[in-house]
Amino acid sequence: MLKFKIIIIILSFAPFVSAQKNTGERAKWFVNDRLGMFIHWGVYSSAEGVWKGEELRNNNQYAEWIQYRNRISKSEYLTLLDRFDWESIDPEKWVILAKESGMKYITLTAKHHDGFALWESQSSEYNIYNKSNKDRDIVKELADACKKHGLKIGLYYSHWIDWEDERSWDHTKEVYGIDYKNYDRYWQEKVIPQMTELLTNYGEISIIWFDMWIHHSRTIVSKQQLFQLKNLIRKLQPNCLINSRLGLSIEEDKDVDFRTLGDNQLGKEKYEYPWQTPATIAHSWGYNSRQDKWKSTSTILKSLIGNVSLNGNLMLNIGPRADGSLPYEALSRLNDLGNWLKKNGNSIYGSEAFDLRTNLHDWGTLTYKEINDNKHYIFLHVFNWPLKRLLKLTGISSIPKKIYSLSDTENKSLNFKHKSVLTEINLPKNPFDKYVSVIVLEYDKKPFAVKGLVAESGEGGYSLNLENYNYINGDGKINDAKKYGTIPKNILVQKKQILKWKIFISEPGEYRVDSSYSFQYDKDEGNIKFEINETKLKQKLKSTGKTVGEPLQDWVIDNYKSNKLGSFKINKAGIYEVTLTLEPYTDPVKWQWLWIKSKK
């Protein structure tokens with residue numbers, strides 16, 4: 001097993017002041033802690049994704065679904081318990097691993113879809129205490145270890161689906177049907193009693209994590225049953241968080257504490273309420289010996305940072321084996337994650353979104369933290385170290401008091417220049433961290449954000465496209481990329497379309513403008529117009545013809561070609577509005593992007 005080096009770094013960050021809106025009192029710890037561990041472990045763990053020599057019957061590699069996918073009877077499924085190495089299984093090791101990896105809470109699959117309880121349940125004999133003949137209560141052991149090591153515990157409970165109980169739902173009922181009265185008996189005789197056990201016998205429970213990934217209106221579960229379950233939690237554990245996979249959305253019921261995105265679905269937009277991504281290190285949740293889709297440490301860090309930059313959490317899953325151990329690939333990434341957080345954790349814990357578009361800069365993204373109302377920090381997470389050793393931060397008009405590397409215990413200042421809405425930071429040749437470097441900008445007041453700008457890229461140009469415009473008007477229809485991206489995202493314009501952007505140009509001089517589009521008429525006609533400051537450029541739309549997307553696959557697609565529109569001069573640094581007007585005549589145009597770059 002990998003050993004973790006414990007690095008203690010004393011940082012001068014006092015308790016944070018959360019500015020994230022729409023966060024209830026119960027969830028304040030949740031939006032502070034940001035990172036948790038998910039543990040998928042159960043009977044399925046010993047199958048390791050294979051049953052009688054046959055791999056799991058689904059390419060998603062979700063090994064915890066093997067009983068359902070491979071049509072294993074309950075009696076044969078329980079024989080998998082004979083493969084467990086009970087003397088080696090120690091949930092405290094999982095807790096220590098989580099803590100050393102920088103995680104603040106743990107959620108265990110107390111009962112997954114197979115209906116098998118990992119505690120000594122009095123409501124159903126289908127549990128680990130009875131069926132393993134080892135008198136083990138994994139929920140108790142984990143809860144005690146979490147309390148010992150100062151981590152919060154959450155419990156996953158599959159309420160909607162239960163393959164063991166014939167009265168409950170499994171997806172074969174789509175064929176054979178289900179009786180609601182029988183389902184309610186399952187609910188009243190198993191779900192409610194078991195939830196009562198979990199909420200009363202194991203101390204403080206911080207999260208009950210449900211897994212109904214579709215709205216209750218599309219399931220057998222009634223809204224009345226869901227409110228019964230929610231009210232039980234509120235009665236027995238008033239401070240316990242409930243996620244939206246209960247089956248009630250945040251919009252439908254404000255008493256739901258946080259939204260759960262889809263499996264491995266990362267944030268794309270900022271939410272002002274708490275939310276979370278359940279994510280895997282590989283792809284399967286339960287242990288699968290055949291999985292081959294391991295994510296890199298950098299990928300995991302980018303997922304965590306990206307979510308925090310949008311006010312979100314990440315709950316990273318481990319799937320222990322039947323002896324409680326983890327494969328090297330998982331341990332090595334958790335080790336890397338823990339070491340990075342020991343140096344850079346202040347950019348994650350207690351941090352949140354700032355008032356700029358998260359994908360504004362191509363070098364990375366930023367998070368924000370306020371402390372005691374008089375200390376404010378912007379954290380720049382640099383994924384792509386600038387080759388020119390100059391990092392440009394666009395969109396903040398406030399001048400920072402100091403800039404330094406977060407991993408530098410001496411907080412040595414980095415040289416910088418500030419001009420209007422642009423902060424230019426001089427960097428050394430080598431990154432501060434081998435994965436993601438974090439640069440801190442200190443302010444006495446919350447820095448003022450100038451929204452709606454397009455930042456200069458690391459290449460030195462401005463890419464104006466269908467992701468970053470701030471004004472659009474016309475008959476155009478935006479089309480997503482198709483044919484595996486060989487047909488790029490575009491806007492189809494039949495008559496007239498106007499788009500506008502804003503850019504900050506820091507250096508006076510001459511700039512060139514190019515535009516990419518597809519125009520399939522057999523001759524040049526119609527107009528494409530470009531305007532900035534006092535410059536107006538106009539030319540006919542040029543025929544771009546066809547191209548081949550993939551050789552020898554009969555993959556003929558419209559050609560999107562870069563066309564030079566002309567150039568313009570800027571005599572004074574400042575914020576400028578760019579306007580593009582498309583006016584096709586006979587045939588439509590599919591427009592893609594503008595590119596502006598200095599001619600120096």
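Visitor: Which residues in H9 do Tyr180, Tyr183, Asp184 and the others in H8 meet?

Guide: Keep in mind that this is a predicted model. On the H8 side, the residues making contact include Trp187, Val191, Met195 and Leu199. Across from them, the H9 residues are Gln225, Leu226, Gln228, Leu229, Leu232, Ile233 and Leu236.

Visitor: Are H8 and H9 roughly parallel or roughly antiparallel?

Guide: Look at helix H8 (residues 180-200) and helix H9 (residues 223-236): their axes are 11 Å apart, and the packing angle is about 15 degrees. Angles under 35 degrees count as roughly parallel. So H8 and H9 are roughly parallel.

Visitor: Over to helix H4. What covers the buried residues of H4?

Guide: H4 spans residues 91-100, and its buried residues are Pro91, Trp94, Val95, Leu97, Ala98 and Glu100. Their cover includes two helices, H6 (138-149) and H11 (328-344). It also includes two strands, E1 (35-39) and E4 (105-111).

Visitor: Now the open sheet of 4 strands: which strands stand at the edges?

Guide: The order is E11-E12-E17-E14, with antiparallel pairing. The two edge strands each have a single partner strand, so one side of each lacks a neighbour in the sheet. Those are E11 (364-371) and E14 (402-405).

Visitor: What is the bridge partner of Phe379 in E17?

Guide: Strand E12 (residues 375-382) and strand E17 (residues 437-443) run antiparallel and are joined by 7 bridges. Follow the pairing from Phe379 into E17 and you land on Val440.

Visitor: Last stop, the hairpin of E25 and E26. Which residue in the turn has a positive phi?

Guide: Strand E25 (residues 525-532) runs antiparallel to strand E26 (residues 535-541), with 7 bridges joining them. Lys529 stands opposite Lys538 in E26. There are 2 residues between the strands, and the one in the turn with a positive phi, about 55 degrees, is Asn533.

Key
Residues are numbered from 1 along each chain as its sequence is written. This is a predicted model: local features need pLDDT of at least 70, side-chain atom pairs count only at pLDDT 80 or more; totals for chains, interfaces and linings use all residues. Side-chain values use heavy atoms; hydrogens and water are left out. Buried means under 20% relative accessible area, exposed over 50%, partly exposed in between (1.4 Å probe, protein chains only). Contact means heavy atoms within 4.5 Å. Two strands pair if DSSP finds at least two bridges between them. Axes are lines fitted to C-alpha atoms, for helices over the stretch in contact, and angles run from 0 to 180 degrees between N-to-C directions. Angles under 35 degrees count as roughly parallel, over 145 as roughly antiparallel, 65 to 115 as roughly perpendicular and the rest as oblique.
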